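I opened my notebook to look up two things.

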Amino acid sequence: MNATAPQLPLNPMIREMRESDLRHVILLEREIFLFPWSLENFADSIRAGYLCNAMEDNNTLIGYSILMLGPDEAHILTLGIGAQWQKKGLGEMMLNHLIQQSAEHNAQSVLLDVRESNHGAAKLYKQLGFEQIATRKGYYPAMCGREDALVMRLML
C-alpha cells in the first residue's frame, strides 16, 4: 500500500495557543526536535503571558511558536512546523506573524537563536532580514556534546 503525500493546508490559520493544545504541541515538538521542550515548558510560557501561537488547518495542529516580549525587543523562543508540513512556506508564514506581533507591541528588534547546523532555518531568517550578531558557544545540547547557537536579530 502506498503512503499518500501530505497535502498542503488549504487555509492555515494562526491563533492563540491554548492549554488544551499542549498535548498536540508536544507531539509535534518531539517529532521535529532531537532535544524537545517539555510539556511544562510550553505550559509555563502560556502562564507567563508570552505570545503563544498555534497554526492549524481543518482543526489539525500543524505548527506553533512562542514569542517573549521585552521593553524594546521581542525574542522568538521556539517555532516549529510538523515534519510533514515543512518546506511549504508555513515556517515563513509563522515567522512573518511573529514579526508582525513584535511590531504591534512596539518592539524595535526581534531576536532568535538557531542551531549552527540548522542551515535551512538560518537561510530563511537571513532571507527575511535577520543578521547574525553573536554566537553562543555550546548553547544547545547535541548528540556528541554541545552545539553553538547563532544569535540573529531583525531590526524593525
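**Ground rules.** I worked on a predicted model, where local features need pLDDT of at least 70, side-chain atom pairs count only at pLDDT 80 or more, and totals for chains, interfaces and linings use all residues. Residues are numbered from 1 along each chain as its sequence is written, and side-chain values use heavy atoms, with hydrogens and water left out.

**Entry 1: salt bridges.** How many salt bridges does the structure hold? I found seven. The term means a side-chain nitrogen of Lys or Arg within 4 Å of a carboxyl oxygen of Asp or Glu.

I looked up Arg-15 and found a salt bridge with Glu-56. Their closest N and O atoms are 3.1 Å apart. Arg-15 sits in strand E1 (residues 13-16) and Glu-56 in strand E2 (residues 51-57). That pair links distant parts of the chain, 41 residues apart.

Are Arg-15 and Glu-56 buried or exposed? Both are buried. Buried means under 20% relative accessible area, exposed over 50%, and partly exposed in between (1.4 Å probe, protein chains only).

**Entry 2: two further pairs.** Arg-47 meets Glu-40 in a salt bridge, at 2.4 Å from N to O. Glu-40 counts as partly exposed because its relative accessibility is 42%.

Lys-137 bridges to Asp-148, with the closest N and O atoms 3.3 Å apart. Lys-137 lies in strand E6 (residues 131-142) and Asp-148 in strand E7 (residues 145-155), so this pair ties together parts eleven residues apart in sequence. Why does Lys-137 count as exposed? Its relative accessibility is 68%. Asp-148 is at 15%, so Asp-148 counts as buried.

I also noted a network: salt bridges that share partners join Arg-15, Asp-21 and Glu-56.

**Entry 3: strand E4.** I turned to E4 (residues 73-81), which is mostly covered. Seven of its nine residues are buried.

Which way do E3 and E4 run? Strand E3 (residues 60-69) and E4 run antiparallel, joined by seven bridges. Two strands pair if DSSP finds at least two bridges between them. Tyr-64 stands opposite Gly-80 in E4. A hairpin of three residues joins E3 to E4.

E4 pairs with strand E5 (residues 109-115) in the parallel sense, over four bridges. Here Glu-73 stands opposite Ser-109 in E5.

Notes:
Helix = DSSP H or I, 4+ residues; strand = E, 2+ residues; numbered from the N terminus.
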